[in-house]
Amino acid sequence: MEAFWSHPLVESAGYYSVVVLCMILFLAVFELVTKYNNWEEIKNGNMAVAMATGGKIFGIANIFTSSIDQHDTLLAMIGWGVFGYVMLLIAYFMFEFLTPRFNVDTEIGKGNKAVGFISMIISVGLSFVVGASIM
């Protein structure tokens, strides 16, 4: 039975399943901390929300890519992935804090593509930094 669980296809399916579940959970948390409804805004064509959400999805996936590469147990991969996600969440709050002239959530919710784009780039860019720091 051990040969089954260590087969590369089974391991890949396991990592994939866990990352998809983590991504759903993490996106739900982002949904709670934003002032707008991500999926409703995307359905209505709000490109700013789509870019910001896409950046979060890419960032989470990028962090888990590094976590899978660097760790040989599922638990360690999840732990480092959660750590990386928390770092992205902190970056989101820092972006809001460091822009006192406007409210990031409000601007993205109104469809400000420039703010949505910068939010996306922050998520993507910092995911590479967090991913590189996972050991």
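Select Phe83 in helix 5, residues 74-97. Helices here are DSSP runs of H or I, at least four residues, numbered from the N terminus. This is a predicted model: local features need pLDDT of at least 70, side-chain atom pairs count only at pLDDT 80 or more, and totals for chains, interfaces and linings use all residues. Residues are numbered from 1 along each chain as its sequence is written, and side-chain values use heavy atoms, with hydrogens and water left out.

Phe83 counts as partly exposed because its relative accessibility is 38%; the class lies between buried, under 20%, and exposed, over 50% (1.4 Å probe, protein chains only).

With Phe83, they form a nonpolar surface patch of about 840 Å² accessible area together. Patch members have over 30% relative accessible area and no salt bridge, and nonpolar side chains (Val, Leu, Ile, Met, Phe, Trp, Tyr) are joined within 5 Å. A salt bridge puts a side-chain nitrogen of Lys or Arg within 4 Å of a carboxyl oxygen of Asp or Glu. Areas are Shrake-Rupley, 1.4 Å probe.

Next, Ile78, also in helix 5. At 24% relative accessibility, Ile78 is partly exposed. Draw a C-alpha distance to Ile118: 28 Å in space, 40 residues apart in sequence.

The structure holds 1 cavity of 30 Å³ or more. A cavity is a set of points on a 1 Å grid over the protein atoms alone where a 1.4 Å probe fits but cannot get out; lining residues have an atom within 4 Å of a point. Select its lining: Phe30, Lys56, Leu88, Ala91, Tyr92, Phe95, Ser119, Ile122, Ser123 and Leu126. Helix 5 and helix 7 (113-133) each supply at least two lining residues.

Definitions and conventions:
Patches are made of residues with over 30% relative accessible area and no salt bridge: like charges are joined within 9 Å, nonpolar side chains (Val, Leu, Ile, Met, Phe, Trp, Tyr) within 5 Å. On a 1 Å grid over the protein atoms alone, a cavity is a set of points where a 1.4 Å probe fits but cannot get out, and a pocket is an open set with protein on both sides within 12 Å along at least five of seven lines; lining residues have an atom within 4 Å of a point. Grid points are joined across faces, edges and corners, and a volume is the space filled by probe spheres set on the points.
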